Amino acid sequence: MKTVSENRCFGGVQGVYAHQSAATGCEMTFGLFLPEEARDGPVPLLWYLSGLTCTHENAMVKAGAQGWAAEQGIALVFPDTSPRGEGVADDESFDMGQGAGFYVNATEAPWAPHFRMWDYVAEDLPDLLAREFAVDMERQAITGHSMGGHGALTLAMTYPERYRSFSAFAPICNPTGADWGRKQLAGYLGSDEAKWAPHDASLLMAERGFPGPVLVDQGAADQFLDLLRPETLFQAAAARRQEGTFRMQKGYDHSYFFVSSFMEDHVAFHAEALYA
């Protein structure tokens, strides 16, 4: 692991680090905010997964999360959204390839050698964080935006023993039923739709739900509502009487102006679960 940068931030440190990933077979970059309390010992960890076209930097710079995390004494990790670099497959469209890993383990050419973002977020990066930083891996929570919201929801419902809470901003809720999903799942996983189901948050919610608290915010003026399909997740949660708060926020769109407007709520929501 190498340090790309470290900056004093709200009494703590906002770092950017790079390492060779066994999961993706290439160098990966991530951001990590450690509050002042991390000097004295491990602190709880909140994951933030970003959306299409983003790197580790978008949320790190735009979401306004560090100040709220510093107040609560929790760490924030901002992984990249895909493998990158020479020899890593890419696509001319913005919604496939580099910047669009979709948090799955690809099995199809040309993606399979590097596009293993599920293993990267679920295994590889957590192992590195546990070894190198003062974070408490027994107290984790997860959130994300758009494609990252999809990743946060599916990871949390797959590993409910790992995450004490999950939330999302405008998540892709039903990728098996929308153009933001069917294209990518077919490209990365092949044509067998049975292999797609474990990566559909609405199907997972209907099948298993989540034992802890849930918070989902969706902008009612989001220009991508038809692609996100929040109603499928809300309906599945209601049908199984899932504990949670599902909010349509009047006038808000899909941008980081929306995310930053409700970031305080989400950090406080996770802090309550992490310190329970």
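A nonpolar core is a set of buried Ala, Val, Leu, Ile, Met, Phe, Trp, Tyr and Cys residues joined through side-chain atoms within 4.5 Å. Buried means under 20% relative accessible area, exposed means over 50%, and partly exposed lies in between, using a 1.4 Å probe and protein chains only. With those terms in hand, welcome to this structure. It is a predicted model, in which local features need pLDDT of at least 70 and side-chain atom pairs count only at pLDDT 80 or more, while totals for chains, interfaces and linings use all residues. Residues are numbered from 1 along each chain as its sequence is written, and side-chain values use heavy atoms, with hydrogens and water left out.

**The core**

- The largest nonpolar core holds 89 residues, and Phe30, Leu129 and Tyr188 touch the most other members.
- Helix α3 (residues 117-132) gives the most to this core, contributing 8 residues.
- Helices (H or I, at least four residues) and strands (E, at least two) are DSSP runs, numbered from the N terminus.

- Two strands pair if DSSP finds at least two bridges between them.
- β4 runs parallel to strand β6 (residues 135-144), with 6 bridges joining them.
- β4 also pairs with strand β5 (residues 75-79) in the parallel sense, over 3 bridges.
- Leu45 is a handy residue to look for: its bridge partner in β6 is Gln140, and in β5 it stands opposite Ala75.
- In a regular strand the side chains alternate between the two faces of the sheet.

**The largest pocket**

- The largest pocket has about 210 Å³ of space.
- On a 1 Å grid over the protein atoms alone, a pocket is an open set of points where a 1.4 Å probe fits, with protein on both sides within 12 Å along at least five of seven lines; lining residues have an atom within 4 Å of a point.
- Grid points are joined across faces, edges and corners, and the volume is the space filled by probe spheres set on the points.
- Of the 15 residues that line this pocket, Leu52, Thr53, His145, Ser146 and His254 are the closest to its centre.
- The lining divides into 6 nonpolar, 8 polar and 1 charged residues.

**Salt bridges**

- Side chains of opposite charge can pair when their charged atoms come close.
- A salt bridge here is a side-chain nitrogen of Lys or Arg within 4 Å of a carboxyl oxygen of Asp or Glu, and the whole structure has 10 of them.
- One of these joins Glu27 and Lys2, whose closest N and O atoms are 3.4 Å apart.
- That pair links distant parts of the chain, with Glu27 in strand β3 (residues 27-34) and Lys2 in strand β1 (residues 2-9), 25 residues apart.
- Glu27 is partly exposed at 42% relative accessibility, and Lys2 is partly exposed at 45%.
- Arg84 and Asp80 also meet in a salt bridge, at 2.7 Å from N to O.
- In that pair Arg84 is partly exposed at 26%, whereas Asp80 is buried at 5%.
- Asp217 forms a salt bridge with Arg247, the closest N and O atoms being 2.7 Å apart.
- Asp217 lies in strand β8 (residues 214-219) and Arg247 in strand β9 (residues 245-249), so this pair ties together parts that are 30 residues apart in sequence.
- Asp217 is buried at 0% relative accessibility, while Arg247 is partly exposed at 25%.
- Asp217, Arg247 and Asp265 are linked in a network of salt bridges.

**Backbone details**

- Most residues other than glycine have a negative phi, and most peptide bonds are trans.
- Ala109 and Pro110 are joined by a cis peptide bond, with omega about 0°, and Pro110 sits in the loop between β5 and α3.
- Phe10 has a positive phi, near 50°; this residue lies in the loop between β1 and β2 (12-20) and is exposed at 59%.
- Arg241 has a positive phi of about 55° although it is not a glycine.
- Arg241 belongs to the loop between α8 (230-239) and β9 and is exposed, with a relative accessible area of 78%.

Notes: Nonpolar A, V, L, I, M, F, W, Y, C, P; charged D, E, K, R; others polar.
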